[in-house]
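Here's a quick tour of a protein model, meant to be read with the structure open beside you. Take a look at it before reading on.

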Amino acid sequence: MKARKRLTRQESKEVTRARLIEAAERLFVRKGFDDASVEEISEAAGYSRGAFYSNFDDKEQVFLAVIDGRRPKALDDFLETISERAERIAAVRDWFSIQWRLRDFVALRMEFSRRAMRDRSVRKHLADLRRRELQTYAASVDRYLGAADGAPAGPPEMVALVLLAVAHGLGTLAIDAEPEFEHIYTEAARLVFDRMTAPRISHSGELE
(Lines give C-alpha, C1' and ligand atoms only; values in the text may rest on other atoms or scores of the structure.)
Protein backbone atom coordinates (compact mmCIF):
# COMPACT_ATOMS: atom_id res chain seq x y z
CA MET A 1 0.00 0.00 0.00
CA LYS A 2 1.38 3.39 -1.02
CA ALA A 3 2.06 5.66 1.95
CA ARG A 4 -0.05 8.81 2.12
CA LYS A 5 1.92 11.96 1.39
CA ARG A 6 2.56 13.99 4.51
CA LEU A 7 1.11 17.48 4.28
CA THR A 8 3.40 20.46 4.63
CA ARG A 9 2.67 22.96 7.39
CA GLN A 10 1.16 25.37 4.85
CA GLU A 11 -1.00 22.64 3.29
CA SER A 12 -2.21 21.55 6.72
CA LYS A 13 -3.10 25.15 7.58
CA GLU A 14 -5.05 25.50 4.32
CA VAL A 15 -7.01 22.30 5.08
CA THR A 16 -7.82 23.54 8.59
CA ARG A 17 -8.95 26.91 7.25
CA ALA A 18 -11.15 25.29 4.57
CA ARG A 19 -12.84 23.03 7.13
CA LEU A 20 -13.49 25.94 9.47
CA ILE A 21 -15.07 27.93 6.63
CA GLU A 22 -17.30 24.99 5.65
CA ALA A 23 -18.39 24.46 9.26
CA ALA A 24 -19.03 28.18 9.72
CA GLU A 25 -21.22 28.34 6.63
CA ARG A 26 -23.35 25.40 7.77
CA LEU A 27 -23.84 26.91 11.23
CA PHE A 28 -24.45 30.45 9.97
CA VAL A 29 -27.18 29.20 7.64
CA ARG A 30 -28.76 26.96 10.28
CA LYS A 31 -28.50 29.21 13.36
CA GLY A 32 -27.81 32.70 12.04
CA PHE A 33 -24.65 34.75 12.41
CA ASP A 34 -25.19 35.94 15.98
CA ASP A 35 -26.23 32.56 17.42
CA ALA A 36 -23.34 30.57 15.93
CA SER A 37 -20.40 30.72 18.34
CA VAL A 38 -16.69 30.36 17.66
CA GLU A 39 -16.69 27.27 19.90
CA GLU A 40 -19.45 25.63 17.84
CA ILE A 41 -17.71 26.41 14.57
CA SER A 42 -14.44 24.98 15.86
CA GLU A 43 -16.09 21.84 17.23
CA ALA A 44 -18.10 21.26 14.03
CA ALA A 45 -14.88 21.47 12.01
CA GLY A 46 -13.10 19.09 14.40
CA TYR A 47 -10.66 21.63 15.83
CA SER A 48 -10.03 23.62 18.98
CA ARG A 49 -10.88 27.25 19.63
CA GLY A 50 -7.17 27.96 19.32
CA ALA A 51 -7.15 26.58 15.78
CA PHE A 52 -9.93 28.98 14.89
CA TYR A 53 -8.06 32.01 16.17
CA SER A 54 -4.87 30.96 14.42
CA ASN A 55 -6.78 31.33 11.14
CA PHE A 56 -9.34 34.08 11.84
CA ASP A 57 -9.49 37.11 14.08
CA ASP A 58 -13.25 36.83 14.72
CA LYS A 59 -16.58 35.61 13.33
CA GLU A 60 -16.80 38.57 10.98
CA GLN A 61 -13.59 37.49 9.29
CA VAL A 62 -14.71 33.89 8.79
CA PHE A 63 -18.03 35.19 7.45
CA LEU A 64 -16.13 37.20 4.84
CA ALA A 65 -14.25 34.02 3.93
CA VAL A 66 -17.59 32.23 3.49
CA ILE A 67 -18.82 35.00 1.18
CA ASP A 68 -15.53 35.04 -0.70
CA GLY A 69 -15.92 31.33 -1.37
CA ARG A 70 -19.31 32.02 -2.96
CA ARG A 71 -17.87 34.27 -5.65
CA PRO A 72 -18.12 32.77 -9.15
CA LYS A 73 -14.75 31.02 -9.22
CA ALA A 74 -16.30 27.71 -10.22
CA LEU A 75 -18.08 29.50 -13.05
CA ASP A 76 -14.73 30.62 -14.41
CA ASP A 77 -13.47 27.02 -14.46
CA PHE A 78 -16.63 25.88 -16.24
CA LEU A 79 -16.60 28.64 -18.84
CA GLU A 80 -12.99 27.99 -19.76
CA THR A 81 -14.22 24.79 -21.44
CA ILE A 82 -16.63 26.72 -23.71
CA SER A 83 -15.03 28.41 -26.70
CA GLU A 84 -18.06 29.91 -28.46
CA ARG A 85 -19.00 33.38 -27.15
CA ALA A 86 -22.75 32.83 -27.60
CA GLU A 87 -22.58 29.60 -25.58
CA ARG A 88 -20.60 31.35 -22.85
CA ILE A 89 -23.15 34.14 -22.57
CA ALA A 90 -25.98 31.59 -22.43
CA ALA A 91 -24.17 29.71 -19.65
CA VAL A 92 -23.60 32.88 -17.62
CA ARG A 93 -27.26 33.87 -18.18
CA ASP A 94 -28.50 30.52 -16.87
CA TRP A 95 -26.20 30.77 -13.85
CA PHE A 96 -27.23 34.35 -13.05
CA SER A 97 -30.95 33.68 -13.44
CA ILE A 98 -31.01 31.29 -10.46
CA GLN A 99 -28.81 33.21 -7.99
CA TRP A 100 -31.92 34.58 -6.29
CA ARG A 101 -32.77 31.02 -5.20
CA LEU A 102 -30.01 31.03 -2.57
CA ARG A 103 -32.52 32.10 0.08
CA ASP A 104 -30.59 30.94 3.15
CA PHE A 105 -27.52 32.75 1.98
CA VAL A 106 -29.50 35.89 1.12
CA ALA A 107 -31.03 35.89 4.62
CA LEU A 108 -27.57 35.52 6.12
CA ARG A 109 -26.28 38.50 4.13
CA MET A 110 -29.24 40.56 5.34
CA GLU A 111 -28.45 39.65 8.94
CA PHE A 112 -24.81 40.64 8.50
CA SER A 113 -25.87 43.94 6.88
CA ARG A 114 -28.10 44.75 9.85
CA ARG A 115 -25.18 44.06 12.16
CA ALA A 116 -23.00 46.38 10.08
CA MET A 117 -25.47 49.23 10.64
CA ARG A 118 -24.77 48.99 14.39
CA ASP A 119 -21.03 48.31 14.32
CA ARG A 120 -18.49 50.47 12.50
CA SER A 121 -15.84 47.73 12.35
CA VAL A 122 -18.36 45.36 10.76
CA ARG A 123 -19.26 48.06 8.23
CA LYS A 124 -15.61 48.20 7.23
CA HIS A 125 -15.59 44.41 6.77
CA LEU A 126 -18.77 44.59 4.72
CA ALA A 127 -17.44 47.41 2.53
CA ASP A 128 -14.34 45.34 1.81
CA LEU A 129 -16.50 42.32 0.98
CA ARG A 130 -18.66 44.27 -1.46
CA ARG A 131 -15.62 45.85 -3.11
CA ARG A 132 -14.04 42.44 -3.75
CA GLU A 133 -17.32 40.97 -4.92
CA LEU A 134 -17.85 43.81 -7.39
CA GLN A 135 -14.29 43.44 -8.69
CA THR A 136 -14.83 39.73 -9.30
CA TYR A 137 -18.10 40.23 -11.16
CA ALA A 138 -16.70 43.13 -13.18
CA ALA A 139 -13.80 40.93 -14.26
CA SER A 140 -16.24 38.20 -15.32
CA VAL A 141 -18.33 40.71 -17.30
CA ASP A 142 -15.22 41.96 -19.07
CA ARG A 143 -13.94 38.43 -19.75
CA TYR A 144 -17.10 36.63 -20.84
CA LEU A 145 -19.63 39.22 -21.97
CA GLY A 146 -17.48 41.58 -24.00
CA ALA A 147 -17.40 41.17 -27.75
CA ALA A 148 -15.32 42.24 -30.69
CA ASP A 149 -18.46 43.45 -32.47
CA GLY A 150 -20.07 45.24 -29.56
CA ALA A 151 -19.73 45.80 -25.82
CA PRO A 152 -22.36 45.35 -23.09
CA ALA A 153 -24.65 48.20 -22.04
CA GLY A 154 -21.94 49.99 -20.08
CA PRO A 155 -18.53 49.69 -18.41
CA PRO A 156 -17.91 46.29 -16.75
CA GLU A 157 -18.11 47.81 -13.26
CA MET A 158 -21.52 49.35 -13.95
CA VAL A 159 -22.93 46.19 -15.57
CA ALA A 160 -21.60 44.10 -12.68
CA LEU A 161 -23.09 46.47 -10.10
CA VAL A 162 -26.54 46.32 -11.71
CA LEU A 163 -26.44 42.53 -11.98
CA LEU A 164 -25.33 42.20 -8.35
CA ALA A 165 -28.08 44.57 -7.19
CA VAL A 166 -30.69 42.59 -9.13
CA ALA A 167 -29.49 39.22 -7.80
CA HIS A 168 -29.45 40.46 -4.20
CA GLY A 169 -32.72 42.35 -4.54
CA LEU A 170 -34.62 39.48 -6.13
CA GLY A 171 -33.22 37.12 -3.52
CA THR A 172 -34.50 39.40 -0.75
CA LEU A 173 -37.96 39.75 -2.31
CA ALA A 174 -38.21 36.00 -2.94
CA ILE A 175 -37.47 34.85 0.61
CA ASP A 176 -41.18 34.44 1.34
CA ALA A 177 -42.38 34.00 -2.24
CA GLU A 178 -45.03 31.41 -3.01
CA PRO A 179 -43.71 28.55 -5.21
CA GLU A 180 -46.17 29.30 -8.02
CA PHE A 181 -44.65 32.78 -8.44
CA GLU A 182 -41.00 31.72 -8.44
CA HIS A 183 -40.76 31.64 -12.23
CA ILE A 184 -41.36 35.40 -12.26
CA TYR A 185 -38.10 36.02 -10.39
CA THR A 186 -36.16 33.87 -12.83
CA GLU A 187 -37.68 35.65 -15.82
CA ALA A 188 -36.99 39.06 -14.24
CA ALA A 189 -33.34 38.13 -13.75
CA ARG A 190 -33.08 36.99 -17.37
CA LEU A 191 -34.71 40.18 -18.63
CA VAL A 192 -32.24 42.40 -16.79
CA PHE A 193 -29.32 40.23 -17.87
CA ASP A 194 -30.37 40.46 -21.53
CA ARG A 195 -30.75 44.24 -21.34
CA MET A 196 -27.45 44.81 -19.56
CA THR A 197 -25.40 42.52 -21.80
CA ALA A 198 -26.87 43.57 -25.14
CA PRO A 199 -24.36 45.44 -27.35
CA ARG A 200 -24.59 49.22 -27.22
CA ILE A 201 -26.08 50.93 -30.26
CA SER A 202 -24.70 54.31 -31.33
CA HIS A 203 -26.88 57.24 -32.39
CA SER A 204 -26.11 56.34 -36.00
CA GLY A 205 -27.64 52.90 -35.44
CA GLU A 206 -24.31 51.07 -35.54
CA LEU A 207 -22.85 48.81 -32.89
CA GLU A 208 -20.30 50.64 -30.74
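What follows covers salt bridges, nonpolar cores and pockets.

Keep in mind that this is a predicted model.

**Salt bridges**

Let's start with charge pairs. Side chains of opposite charge can pair when their charged atoms come close. A search through the whole structure turns up 10 salt bridges. Three of them are set out here.

| Pair | Closest N and O atoms |
|---|---|
| Arg49 and Glu39 | 1.9 Å |
| Arg93 and Asp194 | 2.8 Å |
| Arg101 and Glu182 | 3.3 Å |

Take the pair of Arg49 and Glu39, with its closest N and O atoms 1.9 Å apart. Arg49 belongs to helix 3 (residues 49–53) and Glu39 to helix 2 (residues 38–45), and the two are 10 residues apart. Arg49 is partly exposed at 41% relative accessible area, and Glu39 is partly exposed as well, at 43%.

Next comes the salt bridge between Arg93 and Asp194. Arg93 sits in helix 6 (residues 85–96) and Asp194 in helix 10 (residues 182–197), so this pair ties together parts that are 101 residues apart in sequence. Arg93 has a relative accessible area of 25%, which makes it partly exposed; Asp194 is partly exposed too, at 34%.

Then there's Arg101, which forms a salt bridge with Glu182. Here Arg101 comes from the loop between helix 6 and helix 7 (103–118), while Glu182 is in helix 10, 81 residues apart.

**Nonpolar cores**

Now for the inside. In soluble globular proteins, nonpolar side chains tend to be buried together. Which members of the largest nonpolar core touch the most other members? Out of 26 residues, they're Phe28, Ile41, Phe52, Phe56, Val62 and Phe63. Two or more residues of this core come from each of helix 1 (9–31), helix 2, helix 4 (59–70), helix 7 and helix 8 (120–145).

Phe52 is worth a click. Setting aside neighbours within four places in sequence, Phe52 is in contact with Leu20, Val38, Ile41, Ser42, Asp58, Lys59 and Val62. There's also a second, separate core of 25 residues, with Ala138, Tyr144, Leu145 and Ala174 among them.

The largest pocket holds about 520 Å³. It is lined by 28 residues, and Arg109, Glu133, Tyr137, Leu164 and His168 are the closest to its centre. Helix 4, helix 6, helix 7, helix 8 and helix 9 (156–173) each give two or more residues to this lining. Which helix gives the most? That's helix 9, with seven residues. Sorted by class, the lining of the largest pocket comes out as 18 nonpolar, five polar and five charged residues.

The second largest pocket has a volume of about 190 Å³. Its lining is made up of Arg17, Ala18, Ile21, Glu22, Glu25, Ala65, Val66, Asp68, Gly69 and Arg70. Helix 1 and helix 4 each contribute at least two residues to the lining of this second largest pocket. By class, that lining has four nonpolar, one polar and five charged residues.

Definitions and conventions. Residues numbered from 1 in each chain as written. Predicted model: local features only at pLDDT ≥ 70, side-chain atom pairs only at ≥ 80, totals over all residues. Heavy atoms only, no water. Salt bridge = Lys/Arg side-chain N within 4 Å of Asp/Glu carboxyl O. Helix = DSSP H or I, 4+ residues; strand = E, 2+ residues; numbered from the N terminus. Buried < 20%, exposed > 50% of the residue type's maximum accessible area, 1.4 Å probe, protein only. Core = buried A, V, L, I, M, F, W, Y, C linked by side-chain atoms within 4.5 Å. Contact = heavy atoms within 4.5 Å. 1 Å grid on protein atoms, 1.4 Å probe; cavity = no way out; pocket = protein on both sides within 12 Å on 5 of 7 lines; lining within 4 Å. Points joined across faces, edges and corners; volume = space filled by probe spheres on them. Nonpolar A, V, L, I, M, F, W, Y, C, P; charged D, E, K, R; others polar.
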